[in-house]
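Please view the sequence and the model together while reading the points below.

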Amino acid sequence: MPADAGMTAGAKLCVMPADLDALVALMPFAGHLGLVLDEAGPDRVIARLDWAPHLCTSGGIMHGGVLMSLADSAGALVTFLGLPEGATTATITSTSQLFRPVSSGSIRAVAVPLNRGRTTVTAQTSLYDSAQRLVTQTTQIQAVRPPAG
């Protein structure tokens, strides 16, 4: 995660259900969007975001940038939670395919790491609508900065 997202170097997170709100608090932008974490660990992150009028374009359709922000936040978090203590991460590439519009309900994001390398991590995040239909698929590469020292 970028330094401005609130993840401090050396932070060691033991993710328990009570800690999920604390993880969102470390990502102010995601919290501002309304992201809620249901599960978070180094092998999978599940988050959700409810449809709301202020997240939409014309016709009440959820903005594609909001969907991509949800995917980026979940992918960055699954990456961060798998890093060695003191390492940090930031998105360097992100590709999203948007398959269907969202005009109500909530979106569920499922992020998993596809590959963990020494200097990069590739994460994939799938977003599903309330009917469990695939809405978007995002693949991102996260740069890894090792711990200082």
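**Salt bridges**

D129 and R133 are joined by a salt bridge in which the closest N and O atoms are 2.8 Å apart. The model described here is a predicted one.

- D38 forms a salt bridge with R48, and their closest N and O atoms lie 3.0 Å apart. Because D38 belongs to strand β1 (residues 36-40) and R48 to strand β2 (residues 45-50), this pair ties together parts that are 10 residues apart in sequence.
- Both of these residues count as partly exposed: D38 has a relative accessible area of 38%, and R48 has one of 31%.
- A further salt bridge links the side chains of R44 and E39, with an N to O distance of 2.8 Å. R44 is partly exposed at 37% relative accessibility, and E39 is partly exposed at 29%.

*The sheet*

- Six strands form an open sheet with antiparallel pairing, and their order is β1-β2-β4-β5-β6-β3.
- Strands β1 and β3 (88-98) stand at the edges and have a single partner strand each, so one side of each is left without a neighbour in the sheet.
- From one strand to the next, the twist averages 20°.
- Strands β3 and β6 run antiparallel and are joined by 10 bridges. Within this part of the sheet, T89 stands opposite V144 in β6.

*The helix across the sheet*

- Helix α3 lies across β1, β2, β3, β4, β5 and β6. It runs at about 45° to β4.

*The nonpolar core*

- The largest nonpolar core contains 34 residues. Those with the most contacts inside this core are L35, L37, A40, V45, L70, L77 and I107.
- Several elements each supply at least two residues of this core, including the helices α1 (20-25) and α2 (28-33) and the strands β4 (106-116), β5 (120-128) and β6 (134-145).
- Helix α3 (64-80) is also among these contributors, and the largest share of the core, seven residues, comes from α3.

Terms used: Residues are numbered from 1 along each chain as its sequence is written. This is a predicted model: local features need pLDDT of at least 70, side-chain atom pairs count only at pLDDT 80 or more; totals for chains, interfaces and linings use all residues. Side-chain values use heavy atoms; hydrogens and water are left out. A salt bridge is a side-chain nitrogen of Lys or Arg within 4 Å of a carboxyl oxygen of Asp or Glu. Helices (H or I, at least four residues) and strands (E, at least two) are DSSP runs, numbered from the N terminus. Buried means under 20% relative accessible area, exposed over 50%, partly exposed in between (1.4 Å probe, protein chains only). A nonpolar core is a set of buried Ala, Val, Leu, Ile, Met, Phe, Trp, Tyr and Cys residues joined through side-chain atoms within 4.5 Å. Two strands pair if DSSP finds at least two bridges between them. Axes are lines fitted to C-alpha atoms, for helices over the stretch in contact, and angles run from 0 to 180 degrees between N-to-C directions. Contact means heavy atoms within 4.5 Å.
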